[in-house]
Each structure stands twice: as C-alpha cells, then as structure tokens.
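Here is a briefing on one protein chain. It covers charge, packing, a ring pair and a pocket.

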Amino acid sequence: MELNKIIDHTLLKSDASLQEIEKIALEARLHNFYSVCVNPCFVSVMKNLLKGSDVKVCTVVGFPLGANTPSLKAKEALEAVDNGADEIDMVINITMLKEHDYDYIEKEVHMVKANTRGRLLKVILETCLLSNEEISEGAKAAVRGGADYVKTSTGFSKAGATVEAVQIMRQSVPSYIGVKASGGIKTKEDALKMINAGATRIGTSNGVKIVEE
C-alpha cells in the first residue's frame, strides 16, 4: 500500500499564510500525496501551485460548524468547483443529525452533490459529538444523499477520529463508499490503525511526518 496516495495533506487553520500554502503545495508535489485540502479562499491559488502534478485540490463547505443553510452550502460548493476544486468536504448540520432528522441530512447532501458537477463529495459527520447510532444513521443518510465518502471529523471540535467511529462508518455504508479518517492523526501508527479499521483516506496536517517515519 502506498500510504502517501491515501493522504489529504491538510491546512485549514484560520491564520494560514500564503507562505504556508506554498509550502504544503511543495510538500504535496514532493511526496505525491493524493490531495491538498485548504480553505475555499485558497482553492484557485492551490490549483495554480499544483499545475502539472497529479495532486488534487480539496476544499471544505459549511466548515467547521455545519450550521449554514443547505442552499448556502450548495452555493459554496459551486463556487469551489468553479475555482478549481477537485473534491469537496462538507460538514452536515450536526443539530439536525442529533435531532435524528435524517431526511434533512439526506436532502442537504443531495443539494451540495448536485452542485459539485461530478466532483467527489466527502461528508463530515463530526463523530465526537454523536452516539454510535447517530454515526451509523448519519453515514447512511449521507450516502442516500449522494456522498462518495463519509468522514469522521473537522479537526476543530473536541476530538478527532477514533478507531471505533471509523469501524461504525465502514460497517454502515456500502463497500464502494469511501471512509475518511481525519482529526488527530499525527503518526504512521495512528494512520495504520485507521486504515485497519476501514479508512480508505486519511486527512492530516502531519502527512510529511507520517510518510517519512
């Protein structure tokens, strides 16, 4: 397994500098990561920095709280695609998931997916805030809405990915749906634990350290 090819090399902090953005683009080229995940304002910049490479540009929608309206998330996705995004990681409405309104989750995912123009859509559940049942039902609702991947975490809540959450997600969705573990993955050992639990993509700001270990 080529570990580098399942890593989304990530920089989503609010005070990221242009110098840091250039640095992660260079790192992604050097290590041939699957993608670089940045905030929406950097999508066109990153697309240009990665020109001529195989590294994809990923960005986020409704991030990090998931509390925007579905129509606003859909507009965010459309603009991101217009700016050059290859993949979209959206945050679901966590309140509505906690209320067990799974139809709402399905519909908002569908609205965002409709605006991705065929780009890959990953749906972030923020599993640290959910019961096991909510993780499972939320993942199923996301798939019904058109998700290509379900994802554990934003990395901006009280905890990140866990082996248990990844296992629940993997068991809850069809085999052709990807599972992305993200949040708190700092070492190669962490990454391998998530992969063994069923993760098919790793989101981390520690990609260089992981592949060099």
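Arg 170 is buried yet forms no salt bridge. The nearest side chain of opposite charge, Asp 148, is 12 Å away. Buried means under 20% relative accessible area, exposed over 50% and partly exposed in between, with a 1.4 Å probe and protein chains only. A salt bridge needs a side-chain nitrogen of Lys or Arg within 4 Å of a carboxyl oxygen of Asp or Glu. Lys and Arg count as positive, Asp and Glu as negative; His and the chain ends are not counted.

This is a predicted model: local features need pLDDT of at least 70, side-chain atom pairs count only at pLDDT 80 or more, and totals for chains, interfaces and linings use all residues. Residues are numbered from 1 along each chain as its sequence is written, and side-chain values use heavy atoms, with hydrogens and water left out.

**Arg 170 and helix H7**

- Arg 170 sits in helix H7, residues 163-172. Helices (H or I, at least four residues) and strands (E, at least two) are DSSP runs, numbered from the N terminus.
- Leaving out residues up to four places away in sequence, Arg 170 touches Ser 175, Ile 177, Gly 178, Val 179, Ala 197, Gly 198 and Thr 200. Contact means heavy atoms within 4.5 Å.

**Salt bridges**

- The whole structure holds 18 salt bridges.
- Arg 201 pairs with Asp 8, with the closest N and O atoms 2.8 Å apart. This pair links distant parts of the chain: Arg 201 is in strand S8 and Asp 8 in strand S1, 193 residues apart.
- Both partners are buried: Arg 201 has a relative accessible area of 3%, and Asp 8 has 0%.
- Glu 87 pairs with Lys 122, with the closest N and O atoms 2.6 Å apart. Here strand S4 (residues 87-91) supplies Glu 87 and strand S5 (residues 120-124) supplies Lys 122, 35 residues apart.
- Glu 87 is buried at 2% relative accessibility. Lys 122 is buried at 0%.
- Glu 189 and Lys 193 meet in a salt bridge at 3.8 Å, N to O. They are four residues apart in helix H8, so about one helical turn separates them.
- Glu 189 is exposed at 53% relative accessibility. Lys 193 is partly exposed at 44%.
- Shared partners join Asp 8, Glu 87, Asp 89, Lys 122, Lys 151, Lys 180 and Arg 201 into one salt-bridge network.

**Aromatic pair**

- The count is one aromatic pair. Rings of Phe, Tyr and Trp (its six-membered ring) pair if their centres lie within 6.5 Å; planes under 30 degrees apart count as stacked, over 60 as edge-to-face and the rest as tilted.
- Phe 63 and Phe 156 form this edge-to-face pair, at 5.3 Å centre to centre with 85 degrees between the planes.
- Phe 63 lies in the loop between strand S3 (56-61) and helix H3 (70-82), and Phe 156 in the loop between strand S6 (149-151) and H7, so the pair ties together parts 93 residues apart in sequence.
- Phe 63 counts as buried at 19% relative accessibility, whereas Phe 156 is partly exposed at 46%.

**Largest pocket**

- The largest pocket holds about 300 Å³ of space. On a 1 Å grid over the protein atoms alone, a pocket is an open set of points where a 1.4 Å probe fits, with protein on both sides within 12 Å along at least five of seven lines; lining residues have an atom within 4 Å of a point. Grid points are joined across faces, edges and corners, and the volume is the space filled by probe spheres set on them.
- The lining has 17 residues, of which Thr 10, Thr 154, Gly 155, Gly 183 and Ser 205 lie nearest the centre.
- Strands S1 (7-11) and S8 (201-204) are the elements that give two or more residues to this lining.

**Two loop lysines**

- Lys 51 is in the loop between helix H2 (43-49) and S3. Lys 51 is exposed at 60% relative accessibility.
- Lys 186 is in the loop between S7 and H8. Beyond its neighbours within four places in sequence, Lys 186 contacts Asn 206, Lys 209 and Ile 210.
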